[in-house]
Each structure stands twice: as structure tokens, then as C-alpha cells.
Amino acid sequence: MSIHDRIPVAPDFQRYVRALDASGLDTRPMALLGLDTFHSNATAMSARSSGTTIRVASKSLRVRDAIQTALAEPGYSGVLAFTLPEALWLAATGIRDIVVAYPTADRVALRQLLQSQACEHVTVMVDSTEHLEILRDVARSANVPAGTRFRVCLDIDASYAPARHRTGTLAAKLKVGPARSPIATVEQAMSMVHACERAGVNLVGIMMYEGQVAGVSDGARTPRGLAVRALQALSKRDIAQWRAEVVAAVRELVNLEFVNGGGTGSIESTSAESVVTEVAAGSGFYGPELFQHYRGFRPAPALHLLFDVVRRPAPDTVTVLGGGWIASGPPGKDRLPVPVWPEGLRYAASEGPGEVQTPLTGPAAAGLKVGDPVFFRHAKAGEPLERLNSILVYSNGEIIDEWPTYRGEGKAFL
């Protein structure tokens with residue numbers, strides 16, 4: 001007797017289980033992608049951007065077929081990669097217009113970039129003269145035609161800094177946001193523009209990522225949630241003014257191809273700024289657990305992880321094989337995968353999710369047998385796919401495909 005005949009199943013899970021039973025591909029641990037939900041999420045994000053192009057953040061997908069599927073959606077163009085070797089690989093597979101979202105000190109990969117056709121459509125990130133010195137050294141040592149140059153994007157701090165241009169006060173030291181770029185004033189930005197010119201690189205874009213808005217959930221009905229919402233409201237106004245100021249100054253000297261900002265959690269506010277030419281998004285395609293706690297946009301869960309029940313240590317406890325795939329970020333319960341079906345399962349307080357086995361307790365455990373699947377939703381989007389070679393793709397009642405992950409294609413970038 002199948003699990004969906006023994007345990008009440010929400011409609012989506014019932015369809016998933018039946019499709020898996022019929023496919024003969026139900027080998028766990030595994031990931032299952034609801035393709036129809038993926039498309040719906042893509043449509044919703046595009047509508048939120050009000051016509052501003054969305055660049056696909058590959059670190060949140062880590063499946064080349066998923067990236068290509070996202071790029072085929074109306075309103076999407078270009079990839080925001082997370083490492084240069086990844087960008088080189090994606091470029092070699094035919095993807096164009098790639099921006100590497102983070103700086104690199106990988107001289108081997110930089111030399112490969114400069115010596116390949118990818119140099120024409122892969123842009124690397126810089127935020128200091130140290131980065132430019134590395135690029136200049138590589139360019140001097142590489143055997144390339146005269147005039148061959150790196151394309152670079154300038155990463156500029158987008159933290160909430162209400163007294164950005166004042167000094168000597170406590171308020172001037174207030175700064176909330178990711179610890180990213182050291183470029184925090186117009187003067188520093190313009191200094192880097194001139195440094196790019198001296199280094200012989202082509203400055204083609206600006207990135208300003210307001211992580212305190214895009215990457216922090218605001219839906220909690222708690223004092224902290226109230227404080228987050230208030231801070232984000234202030235930050236949205238601050239970043240709009242700051243971004244317009246710095247972009248205007250840079251454009252006095254450089255004909256920028258793009259100004260990139262935001263993320264899945266800030267598409268509306270970022271795309272509303274006239275100076276922004278593109279926003280970035282990735283997590284919203286899969287709809288991970290962290291994004292179920294946002295007020296403005298909660299993507300439907302499209303990606304689930306499945307683990308086998310392999311033990312029954314007690315009548316109200318089962319153990320699944322695997323499960324301890326903890327998300328990056330500040331340590332806390334919100335970084336744990338969440339068992340979502342059968343409903344009513346929770347971690348054993350004394351163990352939590354484990355490297356190899358994870359005990360789960362609760363009323364639903366009594367109806368589970370060895371070999372049954374338990375569905376989890378990961379806290380973040382792309383990270384768990386570093387653990388799997390492929391994902392099964394579900395659509396319209398059946399498993400229609402199996403897509404290799406980066407790992408399944410023999411790649412491990414981070």
C-alpha cells in the first residue's frame with residue numbers, strides 16, 4: 001500500500017507521490033522540481049519588475065537546464081554567476097552576457113578568460129585597486145592581441161547608511177547591510193572609475209546590492225519583525241537616493257551598459273528606481289523556506305527534497321537517511337531544512353538534523369513505514385543541489401525529465 005493511501009496527503013504531494021510511484025525513478029535522497037510552479041514563480045517575478053529586465057542568479061539554481069529554462073521566460077536576460085570558473089563553463093556551453101557577482105583572485109581563470117572569446121561577454125567584479133592590480137598583472141603576462149581588455153563591473157556599497165556623508169557622529173557610523181564593497185562615497189566611486197581607466201580595463205556596469213532589503217525576511221509578527229520592516233522602509237528611500245547620486249556621477253565619465261541591483265526580495269522597490277536597468281533574482285524560482293516568511297512576495301514552493309524513512313526507533317519516531325543539509329548564513333533554526341510532509345513531523349530536540357540520519361517525531365510518524373518518503377523544503381535555494389547529481393522534473397501529473405545538477409555534470413564551484 002502506497003504512502004498516499006495510508007496518510008492524508010495535500011493535493012500537490014499526492015500528485016508528486018503518484019508520479020514518483022509511476023516513474024520508477026524514486027531513488028532517495030532526491031530533489032523534485034515542480035516545473036509548472038517554477039514557471040508560475042518566474043511569471044510572478046517578471047510582473048513584479050514592471051518591465052525591468054531580470055538577470056538570473058545562478059547560485060540559487062545550480063542546474064544548467066533550470067538556468068536555460070529561466071532565461072527562456074519573458075523578461076529575463078543574462079546570468080549573474082557566482083565564480084569565474086563557473087562563468088567560463090557557462091560561456092563555453094553557449095550562455096552569453098554573464099556577470100560574475102563576486103570579486104576573484106583566481107589568476108588562472110582570469111588568464112583563461114582573457115585568452116578566450118568569453119572575454120567579450122563575461123564581466124568580472126571589482127571593488128578595490130587590489131583587484132585592478134591583479135587584472136593588470138594578468139593582462140601583462142597573458143599572450144593576447146593588443147587592445148584585449150577585461151570587462152569589469154564596479155561593486156558599490158548599498159548598505160543603509162543614513163548619514164553617509166557626515167563624519168564625527170554616532171549616526172555617521174550606523175550601517176546596516178551585507179559586508180561587501182568598501183566603496184561607500186561618491187568620491188571613492190569616482191576614484192575607482194579613474195583607477196579602472198589607468199588599469200586598462202573596460203568599466204561597463206555598476207552593481208549595488210541592498211541585501212538588508214532583498215535578503216532579509218520581513219514577515220515575522222514579532223518586535224524583531226516590526227523593526228525589520230521599519231528599517232527596510234527607511235533603507236528603500238535611502239538606497240534610491242544614494243544609487244541615483246552615484247550612478248549619475250559615474251555616468252559623467254563612463255557610458256555604462258547596465259546598473260544592477262536588488263534580489264528576489266526587493267524586485268518591486270529596486271525596479272522602481274529609474275537608474276536601475278536590471279534586477280537580479282534566483283531564489284524566487286524554487287521558492288525555498290526562507291522566502292515563505294516575506295510579506296511582499298512568497299514564491300510557491302517548487303523544489304522539494306525527499307529522504308527515505310530507514311528506521312522506527314519508537315512508535316512516535318522515525319529516522320530518515322540524510323537531512324542535515326544546513327543553509328549558510330547566521331546560525332539559527334531558520335537555517336534548518338523543514339519537514340513539510342507528512343504534516344506534523346519535527347526534529348528530535350536532542351539531535352536535530354544529522355549528517356547521515358535524522359530522527360523525526362510527532363503524530364505523523366506513527367503512520368510512516370520504512371521506505372516511505374519524507375518531503376523537506378530547504379532554507380535556501382541552490383545550496384542543497386551541491387549534494388545531488390540530478391533533480392527530477394514534474395509537470396502535469398508525471399515525471400517528465402531528469403536534469404543534472406552542476407555536481408551531476410562534474411562541476412563543483414563552491
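How many helices and strands make up the secondary structure of the chain? Colour by secondary structure: there are 12 helices and 17 strands, where helices (H or I, at least four residues) and strands (E, at least two) are DSSP runs numbered from the N terminus. This is a predicted model, in which local features need pLDDT of at least 70 and side-chain atom pairs count only at pLDDT 80 or more, while totals for chains, interfaces and linings use all residues. Residues are numbered from 1 along each chain as its sequence is written, and side-chain values use heavy atoms, without hydrogens and water.

Next, display the C-alpha trace, which spans about 70 × 50 × 40 Å along its principal axes.

Now turn to the interior. Buried residues (under 20% relative accessible area, 1.4 Å probe, protein chains only) account for 55% of the 414 residues.

Select L84, F285 and Y286: these have the most contacts inside the largest nonpolar core, a set of 99 residues. Such a core consists of buried Ala, Val, Leu, Ile, Met, Phe, Trp, Tyr and Cys residues joined through side-chain atoms within 4.5 Å. Then select residues 186-199, helix α8, which gives the most to this core, with 8 residues.

Return to L84 and show its surroundings. Beyond its neighbours within four places in sequence, L84 is in contact (heavy atoms within 4.5 Å) with V100, T104, A109, L110, L113, V122 and V124.

Finally, select A19, W341, F375 and I399, which are included in a second, separate core of 14 residues.

Technical notes:
Buried < 20%, exposed > 50% of the residue type's maximum accessible area, 1.4 Å probe, protein only.
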